[in-house]
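Me: Hi! I'd like to talk through a structure with you. Here it comes.

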Amino acid sequence: MKKAGIIMIIGSLLLLGLFKFPLWNIMLGAPQYPDPLGMNIHLNGIQGVEEFDIQNIDGLNHYIGMKTIPKAEDMWEFTVFPIVILGMSLLGVLIGILGFVGKISYKFFLGWFILMSVLGILGMYDFNNWLTSYGSDLDPHAIIKVTNPDGSPMSYKPPLFGYQKLLNFDVTSLPHIGGYLMFLGMALTLVAFWLGRRFSLKTAKLTTS
Amino acid sequence: MKNIIKSVVAMVTVFIAFTSCNNASKSNSKSGALASNIAEKVYVAPGEYDEFYAFLSGGYSGNLTVYGLPSGRMFKEIPVFSQFPTSGYGYSEETKPMLNTSHGFIPWGDSHHPDISQTNGEIDGRFIFINENNTPRIAKIDLKTFETTEIIEVPNSAGNHSSSFVTENTEYVVAGTRFSVPIPQRDMPIKDYKGNFKGALSFISVAPETGDMAIKFQVLMPGFNYDLSHPGRGKSHGWFFFTTYNTEEANTLLEVNASQNDKDFIAAINWKKIEEYVNNGGGTMMPTDYAHNVYDEHTHTATSTMIKEVRVVNPSEVPGAVFFLPTPKSPHGCDVDPSGEYIVGNGKLSANLTVHSFTKMLAAIEGKKFAGEAYGIPILNFEDVLAGVVNQPGLGPLHTEFDDKGNAYTTFFISSEVVKWKLGTWEVIDRKPTYYSVGHLTIPGGNSRKPQGKYMFAMNKITKDRYLPTGPEMEHSAQLYDISGEKMELLLDFPTHGEPHYAAAMRADIIKENSQKIYNLADNKHPYAAKSDGDTKVVRDGSNVHIYMTTIRSHFSPDNIEGIKLGDKVYFHVTNLEQDFDVPHGFAVLGQNTSELLIMPGQTKTSVWEPTKVGVWPFYCTDFCSALHQEMQGYIRVSPANSDTPIKWSMGEDIE
């Protein structure tokens, strides 16, 4: 159980990587942009991959009537997400310590993982909602209006995950280092759960025999 | 060069008898298979980069052109000494001071010899310097931005030709005078030239960090013509060598009168010694006036300062600093090999190439073995300093460059060829024709301790039938040769712009990495910059009207302007708000008497317009900046002088 507790602590601490590294990254390449423009989604705001990328993305987006990319203070998420991640990390560490000293059951590890997954899915849902509104809530006076074959206005929603072609842009949306660290951390908490369970079953066997 | 053409006509007839020995190598027609192999050597696939940058002087274009090697593709023309309507250089208010001189504004120049800055004898790719021959000036181009950022006028000089070569650590960029003149200039009979005219050799210091130029001192030499020069390097670092002709001191019909002496001189100048003398207060401050023009990258504006005095040094004041090395027949190029030991005097009217030895020169000076003196300057014995002679390599040797394997390559103007020969043994290894009448040649890193070899290109004076004809006037031609093997191999023939004299070339990596993409708008300190649409305004100041205008894809702000009256001087201060690589905007207004402006991202440029007619005149973006480029336009209303139309402006709504 000691090993499980340590892994639980490590897994939870990996979440803190999000305070240093971006969670997600969206790259926009086009014939005129052989060096793609890009934005990194950090826990506390959106930053350009290069110094002026956000400004340049906004500049291009004004043709199709998209809103400018929100500043940190424009979205409650960038205030709440850091608190949630910090809270979950501390909670995970606490559970890990308590597990390490044998005060609580390994089942708390799974409990943490489920809570984190629910929060993560909610976060993704929220993120996707934002992408949808960002990509489809267009200025009616937009310079360039592109419609789908059925006549409805085309949405410029970037993909939540993976690749999509949007007009002349090749858009790729993937987790970044912070995101990968978070996934790794979450996976480790599952490992902790599994180790804890195995230890628990072993001790159970020992006590019954 | 025209003078040479004239003067060699006679030579050709004389030499025609023994040119037959050179004709054997003329025919080197390649088979089809071999030719395609050559094509691969210069083929740079779409999207790939050239291995080398080459900077070719524009000669009478006054500019500097940037090429890639081995493709021979031209990337840019950098305006230096000539107005350039393409970008507004020399027309915009910010850049007009760059072309200021003590003779006033000069719209044109004759650029000759570019040289890249060096550190420890190796080219470092920070700056490139180039001389203006006609109204003597030296320019510095910053290789971060590929823009001319400094021009200094050289007083007491005339025909700034033995320039602009840098010393091993870019301590100095050196500018020698081709024409000797009265110093100081004065009203005197031309026939009194001899003994009265002088030749100024100027040592312009370059500040190590900033690259700022200042004339440290001028050596006032006898009234010869100082044709070309090169710095010593390695063991000869601290010396500078100048070829001279017209040691006869003729002032008329020089083609005959300056070709009488069997030998002219290479002047060897121990600049370290003179520098020390000057640092200890030596020399004399002489009243003069010359312009020093500096472009500030933050204000995007040049300022021109007139300087009123210059420090001059008479060689006789500094014994042991200046010597003459006799060199046959009006030597042209003065080239120092990578080791610094050999000084090649390309005696343009001689059939042989003369090579002096630096070590022998020092020994002769040490032994005080002088053949005589000229105006108090010791003349060494020809035999004492001679390292060797390349016998009958060709006709009309002009310039020599070096590779990294101990070989030298000399151009021959009259026999129109490049000859490869070996340093030390003086044997001719190979010769290849050029098309036609070659002047300079360049090997990347050729003027340094570490030539980068691989390619050599020859820049020719006569084009004739090389390309599809374009009427009487044609661009000059250059040929690129592969010099990696024992024999040179002709790879490519490409047209050049203006009349390239010398060129400088180097491996692309350093310059490529440092090349700037945009100007940071936040760093823009232009006094009339509008850094956002909110800063735009129109301000009347008497009959001057200042328009603080912005551009961003795809509009001007303001784009409706009223209240201008006939007789007004309208300043369009246009700031490009873009911060995206390669998104310039242009500005032109109907009836503009200057040129357009081409404004790079983050930059501010100003065009003055003095409207001559009442009306509503359009202005527009001249660079196809975006999908809505054609929409990027505006109107400016010009009212009669006595009208009371108020100054008003707008963007996105009507002026009420």
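Me: How much area do domain 1 of chain B and domain 2 of chain B bury between them?
Reply: About 1,200 Å², with 52% of it on carbon and sulfur atoms. Buried area here is the accessible area (1.4 Å probe) that two parts lose on being put together, summed over both. This is a predicted model, in which local features need pLDDT of at least 70, side-chain atom pairs count only at pLDDT 80 or more, and totals for chains, interfaces and linings use all residues. Residues are numbered from 1 along each chain as its sequence is written, chains are lettered from A and ligands numbered from 1 in the order written, and side-chain values use heavy atoms, leaving out hydrogens and water.

Me: Thanks! Which residues does each domain of chain B cover?
Reply: Domain 1 is 2–514 and domain 2 is 521–650, with bounds from an automatic or database domain assignment.

Me: And how many residues does each one put into the contact?
Reply: Domain 1 of chain B gives 13 residues and domain 2 of chain B gives 16, contact meaning heavy atoms within 4.5 Å.

Me: New topic: where does Ser229(B) lie?
Reply: Ser229(B) is in strand E15 (residues 225–231) of chain B; strands are DSSP runs (E, at least two residues), numbered from the N terminus.

Me: Is Ser229(B) buried or exposed?
Reply: Buried, because its relative accessibility is 1%, and buried means under 20% relative accessible area (1.4 Å probe, protein chains only).

Me: What does Ser229(B) touch?
Reply: Not counting residues up to four places away in sequence, its contacts include Ser163(B), Phe241(B) and Cys334(B). Ser162(B) is another one of them, and its backbone oxygen lies 3.0 Å from a polar atom of the Ser229(B) side chain.

Technical notes: Helix = DSSP H or I, 4+ residues; strand = E, 2+ residues; numbered from the N terminus. Buried < 20%, exposed > 50% of the residue type's maximum accessible area, 1.4 Å probe, protein only. Polar contact = N/O pair within 3.5 Å; in protein donor to acceptor, adjacent residues only side chain to side chain.
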